[in-house]
Amino acid sequence: MASIPAIVPLGLLTSNIVAFTKVYYLIFAFLTILGGVMGYLKAKSFISLISGSISGALLVIASYLLPSRPIVAGCIALFVSVLLAGKFVPDFVHKKAFVPGGLMAFLSVASIIVTILALLPK
């Protein structure tokens with residue numbers, strides 16, 4: 001059975017993963033803020049607006065810090081991603097609705113995976 005380095009050249013993976021992770025955090029932040037605004041407009045949920053804005057802002061900060069302070073950025077992103085996954089994965093399982101539960105569950109779990117890959121030793 002082939003090992004991971006035989007399938008993907010590790011230098012390629014490690015050289016591009018930080019740049020990919022920065023962009024991923026920004027996209028995730030934008031969608032999280034947008035989801036909070038949509039929750040407020042649709043259901044008049046002020047808590048959605050506040051939590052979406054705070055989560056999105058923290059992800060923007062993580063994106064900014066990633067090249068210079070990867071451990072701090074990773075901890076911030078993991079914290080936000082685990083909290084969002086804890087909210088949206090059960091929501092998706094129970095309601096079976098892709099928006100917002102499924103989308104946010106997928107983005108949160110993907111963020112956890114991407115963050116771990118970005119923090120692996122090079």
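Predicted model: local features only at pLDDT ≥ 70, side-chain atom pairs only at ≥ 80, totals over all residues.
Of the 122 residues in the chain, 32% count as buried. The secondary structure is quick to describe: 5 helices and 0 strands, which gives the pattern α-α-α-α-α when read along the sequence.

Now to one helix pair, H3 and H4. Two packed helices are described by the angle between their axes and the distance between the axes. For H3 (residues 46-65) and H4 (residues 70-95), the angle comes out at about 155 degrees, and the axes lie 8 Å apart. An angle over 145 degrees counts as roughly antiparallel, and H3 and H4 therefore fall into that class. Their crossing is left-handed.

On the H3 side of this contact sit Ser 55, Leu 58, Leu 59, Ile 61, Ala 62 and Leu 65. Facing them from H4 are Pro 70, Val 72, Ala 73, Ile 76, Ala 77, Val 80 and Leu 84. Sorted by class, the contact has 12 nonpolar residues, 1 polar residue and no charged ones.

Some of these names turn up again in the largest nonpolar core, which has 17 residues. The members that touch the most other members are Tyr 24, Tyr 25, Phe 28, Leu 59, Leu 84 and Met 104. Helices H2 (10-43), H3, H4 and H5 (98-119) are the elements that each give two or more residues to this core. H4 gives the most, with 5 residues.

Tyr 25 is worth a look of its own. Leaving out residues up to four places away in sequence, Tyr 25 touches Leu 59, Ala 62, Ser 63, Leu 66, Gly 74, Ala 77, Ser 111 and Thr 115. Among these partners, Leu 59 and Ala 62 also belong to the H3 side of the H3 and H4 contact, and Ala 77 to the H4 side.

Finally, there is Val 93, which is found in helix H4. Its relative accessibility is 46%, and Val 93 therefore counts as partly exposed, the class that runs between 20% and 50%. Along the chain, Val 93 and Ala 105 are 12 residues apart, and their C-alpha atoms are separated by 9.6 Å.

Methods:
Residues numbered from 1 in each chain as written. Heavy atoms only, no water. Axes fitted to C-alpha atoms, helices over the stretch in contact; angles between N-to-C directions. Helix = DSSP H or I, 4+ residues; strand = E, 2+ residues; numbered from the N terminus. Parallel < 35°, antiparallel > 145°, perpendicular 65-115°, else oblique. Left-handed = near helix turned anticlockwise from the far one by under 90°. Contact = heavy atoms within 4.5 Å. Nonpolar A, V, L, I, M, F, W, Y, C, P; charged D, E, K, R; others polar. Core = buried A, V, L, I, M, F, W, Y, C linked by side-chain atoms within 4.5 Å. Buried < 20%, exposed > 50% of the residue type's maximum accessible area, 1.4 Å probe, protein only.
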